[in-house]
Amino acid sequence: MPALELRNVSKLYPGTPPVTALDGVSVEIARGEMVAVVGPSGSGKSTMLHIMGTLDAPTSGAVLIEGLDTSGLDDDALAAIRGRRVGFVFQRFFLLAGTSALDNVANGLLYTGAPRPQRREAAAAALERVGLGARVHHRPNELSGGEMQRVALARALVHEPAFILADEPTGNLDSSGSKAIIELLGSLHGEGRTIIVITHNEEISAAMPRRLRMLDGRLTDDTADRAGAP
């Protein structure tokens, strides 16, 4: 069963004429894959991210997360799926100012209903995994950009999601911080995690085992297809 599947997904925004942001995209991402979605600005990458993460609904087609068709689910059910089955990492870190790294990560488990001590224990383990075991009580203003992105990544990991969606995860980092985050994502992939990176950076995408190329809302290339060709 794929971790994520899009079946003939299209997304149109109102206008005269309507704007087609996604045009009949179909793709399967298996458990344990590491995939880059790459393309220029306006290619449909961001819309694809929102559709994959159930932050937006397709105009037509279906989005399946671990075999569950999300098409007919209400907002509460979709929010629960995001809280339990999808891990988000954004270019902006979206950490709570004045709140420790530990509690920023523990907040990623609020949807589980786990008691606070259990949430904090899991958060401490996730921070240790991303190399911040010694910084758990530091607040965002006491952390570097790379460290804040590691906190965001730990928050995405803490609930053991079906997949992690990383939207330009190195966009606000310098070259050394970017390299460290990409290496960390690669290490997590090596542990069997499913990771999808949305990027316009060709160098970053070239380092990914599989690349989906978007242009004008269409999937124009999938390196998995070439790998399987005779």
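The lining of the largest pocket in this predicted model divides into nine nonpolar, six polar and two charged residues. The space within the largest pocket amounts to about 360 Å³, and, of the 17 residues that line the largest pocket, those closest to its centre are Arg-82, Gly-83, Val-86, Phe-88 and Arg-155. Two or more residues of this lining are contributed by each of the elements α2 (75–85), β6 (86–89) and α5 (145–157).

Phe-88, which is among the lining residues closest to the centre of the largest pocket, also belongs to an aromatic cluster that it forms with Phe-90 and Phe-94. Across the whole structure, the search for aromatic pairs finds two. In one of them, the ring centres of Phe-88 and Phe-90 lie 5.6 Å apart and the ring planes meet at 5°, so this pair is classed as stacked, given that planes under 30 degrees apart count as such. The rings of Phe-90 and Phe-94 likewise have their centres 5.6 Å apart, but with their planes at 90° the pair is edge-to-face, the cut-off for that class being over 60 degrees. Phe-90 thus takes part in the stacked pair with Phe-88 and in the edge-to-face pair with Phe-94.

Methods
Residues are numbered from 1 along each chain as its sequence is written. This is a predicted model: local features need pLDDT of at least 70, side-chain atom pairs count only at pLDDT 80 or more; totals for chains, interfaces and linings use all residues. Side-chain values use heavy atoms; hydrogens and water are left out. Rings of Phe, Tyr and Trp (its six-membered ring) pair if their centres lie within 6.5 Å; planes under 30 degrees apart count as stacked, over 60 as edge-to-face and the rest as tilted. On a 1 Å grid over the protein atoms alone, a cavity is a set of points where a 1.4 Å probe fits but cannot get out, and a pocket is an open set with protein on both sides within 12 Å along at least five of seven lines; lining residues have an atom within 4 Å of a point. Grid points are joined across faces, edges and corners, and a volume is the space filled by probe spheres set on the points. Helices (H or I, at least four residues) and strands (E, at least two) are DSSP runs, numbered from the N terminus. Ala, Val, Leu, Ile, Met, Phe, Trp, Tyr, Cys and Pro count as nonpolar, Asp, Glu, Lys and Arg as charged, and the others, Gly among them, as polar.
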